[in-house]
Amino acid sequence: MEGGGPAVRRRSRSASARKRSRDRAQSRVACSPPARKRPSSGAGEEPQPAASSPEYNNDSEEDMFGDYDSFSGNDSLLAQVDNMEQECIQSIDLTSCTKNMEDKATVEPAFGYLQLQNAKSKELFFSAAGNITGFRTEEENHLRITSEQENRTLEPGDCFLDDLPSSQLLYFEEMNKTSVDSRKSSEWQHTCLTLESLQQRKNLIYSLPTSGGKTLVAEILILQELLCRQKDVLMVLPYVAIVQEKVWALSSFGIELGFLVEEYAGSKGRFPPIKRRMKKSLYIATIEKGHSLVNSLIETGRVGDLGLVVVDELHMLGEGSRGATLEMILAKILYTSKTTQIIGMSATLNNVGDLQQFLQAEYYTNNFRPVELKEYVKIQDSIYEVDNKAENGLTFSRLLNFKYSTNLQKMDPDHLIALVTEVIPNYSCLVFCPTKKNCENVAEMICKYLNKEYRNHRENEKQDLIKDLKNIGKGSLCPVLKRTIPFGIAYHHSGLTSDERKRIEEAYSAGVLCLLTCTSTLAAGVNLPARRVILRAPYVATEFLKKNQYKQMIGRAGRAGIDSAGESILIVQEKDKHLVRDLVNSPLENCYSNLFLEFTKGIQSLLLSLVGLKVARNPEEIYHFMCGTLFGVQQQFLSKEKSLSAITREALGCLIEKGLLKGKTTSEKEQKSQSNLEITQLGQATYKGSIDLAYCDALYRDLKKGLEGLVLESCLHLLYLTTPYDMTYHCRPDWMIYFRQFSQLNSVEQKVAAIVGVPESFITKKASGQAIKKDVDNCVINRLYLSFVLYALLKETNIWNVSEKFNMSRGYVQNLLNSAASFSSCVLHFCEELEEFWVYKALLTELTKRLTYCVKAELIPLMEVAGVLESRAKQLYDSGYKTLAHLANADPETLVKMIEHLSRRQARQIVSSAKMLLREKAEALQEEVEELLKVPTDPAEGLLTTLP
């Protein structure tokens with residue numbers, strides 16, 4: 001390969017190995033035919049690769065995503081790639097192909113010096129790795145998926161490339177571009193993978209612009225650790241939805257290469273994880289679950305089993321309580337395991353020196369971006385290009401050429417219609433809006449003034465989309481979407497349910513929808529690229545844009561392998577002109593520790609767990625630990641008034657005062673002679689349950705009070721106890737609805753309100769507008785109201801009906817459900833540590849399961865599979881796939897035929913995920929059996945050896 005490539009080399013497999021691989025593939029599904037073009041109903045449509053984005057849910061109750069251009073897979077990846085290569089080779093000049101293939105295999109792998117511990121893993125691993133970026137010969141032209149010059153569209157599922165991992169799709173599609181870009185992409189990956197620091201197992205931070213291929217490098221290193229070094233790996237991702245997507249994507253690799261993929265997100269995850277004798281595990285976790293996992297490994301003395309920890313979106317260290325939790329994970333690993341390597345990556349890092357010092361890491365960066373991105377700023381009807389060389393940072397580019405009527409000028413003063421019609425329907429466009437309501441208004445406004453010819457573009461597929469959304473809503477459809485989808489336009493924000501968002505994302509990726517109006521949360525990384533990205537205003541809600549947010553938004557434009565060009569346009573009013581000039585020309589924001597700012601979720605929580613885990617037992621050891629944190633590195637800047645030692649002593653004093661620790665803190669001079677600190681039972685339960693220290697006392701009181709008169713005739717009382725405290729601050733009850741829902745409860749259920757402290761008379765007076773003398777705790781009032789919402793959900797399992805009943809957005813209702821499921825899991829772990837709460841253990845185990853899925857019992861086994869949401873589970877169940885075993889043994893080709901709007905790639909990923917989950921459960925049972933049958937050593941023998 002010209003110009004060097006990434007640090008992987010194609011290793012030839014033996015004929016027998018190739019035959020075995022093909023035999024396995026043929027037993028499941030025949031290889032798809034070569035790519036072919038199909039006529040499209042729309043001229044000039046730019047196809048998008050299918051992107052599957054699972055439901056939005058995360059441990060911080062937001063609906064954001066990480067930055068992903070990673071490789072997923074299918075259940076027979078290696079055989080598919082092998083057959084694909086053979087077909088391509090037959091279709092080109094063999095002489096030319098042979099020469100190019102010889103030139104291609106000249107780069108030594110970064111991990112080539114390692115010897116795999118079994119031959120099968122070796123041949124599979126290098127075969128897979130060799131195909132990631134190496135296949136760059138004259139057959140490139142035969143692998144084209146899309147052509148912007150041809151009025152043709154390839155439908156999902158009809159191309160053999162649909163069976164490949166998404167990152168390989170990106171690379172194969174990128175072959176359409178110049179060989180210079182291909183070489184540059186390979187060069188930086190090769191340089192990064194062959195860094196001496198990696199070979200010496202030093203920690204590494206690396207940073208590249210969005211779509212540069214960062215995650216691909218990390219996943220090569222993950223496979224290396226699992227297969228070559230035979231060590232477990234922890235991958236920390238920001239949000240539940242991304243964890244589910246990654247589990248879904250990498251399960252096929254685990255099936256082929258013989259490792260387990262375990263999900264730690266929401267209410268899922270086993271603490272401590274099962275210790276596997278034969279296979280290694282890839283733990284894919286959210287930040288919160290990753291912290292609990294690391295705690296459990298430290299407690300059981302197994303943290304050394306982790307060979308590698310990969311952190312995506314490393315810049316999240318600077319983002320509130322979640323950043324503080326991420327800092328705790330990394331600091332604990334650095335302190336307790338000297339053999340665990342840490343890899344951190346991000347597209348938006350500035351003060352790298354501090355992060356290097358904290359992680360004791362090397363740093364690699366590159367400005368490579370496979371698709372050029374041009375940034376523009378629009379002021380009135382003039383468009384300026386962002387130019388760092390210009391005096392004021394902007395250079396005049398052009399005037400908008402669009403005739404506006406007086407009426408249209410009033411309705412669209414920012415000329416959004418002019419900007420989007422330059423792109424759609426042939427290319428895709430994203431319009432970022434400051435608020436959710438603005439998203440819906442902008443979508444409707446654009447549709448109102450679009451030419452009716454836009455309705456004809458892929459009309460049948462749009463009708464199918466509307467039909468699917470109605471099915472998801474069990475007959476209900478948002479009136480805004482009903483009006484906008486016929487024009488190929490939809491909104492995208494947290495007010496949608498996970499099923500709705502996923503279906504809209506699939507339609508956008510397939511080109512059925514050409515424009516999305518969205519909030520800034522989409523910018524955090526879901527792979528929904530666009531030819532043009534428009535920022536409706538330089539604000540998120542009422543706050544002015546930060547540089548990191550701006551970069552994330554414009555990074556959606558011109559993604560690798562999908563667009564040949566990308567451009568962003570920021571719409572600016574005259575009053576904001578000077579602020580925007582500073583924005584586009586300023587550096588990225590620095591990343592600062594949040595341990596001190598997030599006091600109860602930060603430093604107090606950290607110190608409590610350090611004592612509980614016996615990582616540090618006295619103030620001197622704790623101070624030594626704190627010196628190694630990011631806060632310790634930045635302490636002089638973040639807290640000039642107090643020393644690190646004083647801050648540590650103050651935090652310990654607060655923990656002792658709350659009854660979470662036992663001991664005493666003395667002056668700094670006496671610190672060295674101080675006795676060890678001990679954790680109390682309440683402290684142990686708090687850190688084991690990952691309970692916010694601000695609520696641990698209230699939770700204990702509520703659970704204790706519940707024991708006095710727990711109402712078990714329904715689950716309402718338990719739901720109240722598991723309703724998250726932090727959700728109550730944003731709740732504003734509608735008192736007429738409150739009264740109506742209370743009135744519909746039976747007499748026993750109404751007692752629950754009185755038990756928790758909300759009497760019937762109070763609700764009645766509030767609903768009638770009467771003055772109330774007795775003061776009732778707002779937190780209790782709001783928490784009971786939210787428990788009514790959850791109770792209605794568990795009875796009806798219909799988010800649409802419940803959202804209408806309580807006048808809440810369906811997205812908010814689903815977010816409440818997901819948060820309650822996660823908090824219920826935390827309360828369960830809290831109760832497991834306190835003997836007095838033994839009665840709650842069995843009750844909360846079942847309730848957590850019901851909250852996690854909130855569907856009919858028969859669908860739960862199917863929804864345990866990563867990426868399978870309620871609507872898909874119903875389709876599978878109705879088609880006869882009623883159990884996990886049925887799904888794991890399904891033929892993907894049959895699934896495609898039986899399930900509407902399911903591509904081959906999605907079918908294979910579902911089957912792979914089901915196989916991985918089934919295998920994981922079987923392995924766990926096998927480990928348990930072996931442990932039971934293990935012959936113990938005879939204690940008498942030990943006594944005999946000690947006798948004289």
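Predicted model: local features only at pLDDT ≥ 70, side-chain atom pairs only at ≥ 80, totals over all residues.
Reader: Happy to dig in! What does the protein chain come to in secondary structure, and how much of the chain is buried?

Author: The protein chain has 40 helices and 19 strands. Of its 948 residues, 61% are buried. Its accessible surface comes to about 37500 Å², with 49% of that belonging to carbon and sulfur atoms.

Reader: What share of the contacts between residues at least 6 apart in sequence join residues at least 24 apart?

Author: That share is 76% in the protein chain.

Reader: Let's look at strand 2. Why is strand 2 described as largely enclosed by the rest of the structure?

Author: Strand 2 covers residues 232–236, and five of the five residues are buried, so the strand is largely enclosed by the rest of the structure. Asp232, Leu234 and Val236 point one way, while Val233 and Met235 point the other way, and all are buried.

Reader: On to charges. What makes Glu375 and Lys551 a salt bridge?

Author: The cut-off is a nitrogen of Lys or Arg within 4 Å of a carboxyl oxygen of Asp or Glu. The side chains of Glu375 and Lys551 meet at 3.5 Å, N to O, so the pair qualifies. This pair links distant parts of the chain: Glu375 is in strand 8 (residues 373–379) and Lys551 in helix 19 (residues 547–554), 176 residues apart. A search of the whole structure finds 38 salt bridges.

Reader: Why is Glu375 called buried, and why is Lys551 called partly exposed?

Author: Buried means under 20% relative accessible area, and partly exposed lies between that and over 50%. Glu375 has 14% relative accessibility, so it counts as buried. Lys551, at 32%, therefore counts as partly exposed.

Reader: And Asp576 with Lys575: is each residue buried or exposed?

Author: Asp576 is buried, because its relative accessibility is 4%. Lys575 has a relative accessible area of 57%, so it is exposed. The closest N and O atoms of their salt bridge are 3.2 Å apart.

Reader: How do you know that Glu678 and Lys662 form a salt bridge?

Author: Their closest N and O atoms are 3.8 Å apart, and the limit is 4 Å, so the pair counts. Glu678 lies in strand 19 (residues 678–679) and Lys662 in strand 18 (residues 661–662), 16 residues apart. Both are partly exposed, Glu678 with a relative accessible area of 48% and Lys662 with 45%.

Reader: Which residues are linked in a network of salt bridges?

Author: Arg277, Glu927, Glu930 and Glu931 are linked in one.

Reader: One last stop: why is Leu932 called exposed?

Author: Leu932 has 67% relative accessibility, so it counts as exposed, the cut-off being over 50%. Leu932 sits in helix 39 (residues 904–933). Together with Val929 and Leu933, Leu932 makes a nonpolar surface patch of about 330 Å².

Technical notes: Residues numbered from 1 in each chain as written. Heavy atoms only, no water. Buried < 20%, exposed > 50% of the residue type's maximum accessible area, 1.4 Å probe, protein only. Helix = DSSP H or I, 4+ residues; strand = E, 2+ residues; numbered from the N terminus. Patch = residues over 30% accessible without salt bridge, like charges linked within 9 Å, V, L, I, M, F, W, Y side chains within 5 Å. Areas by Shrake-Rupley, 256 points an atom, 1.4 Å probe, with all protein chains shown as cover. Contact = heavy atoms within 4.5 Å.
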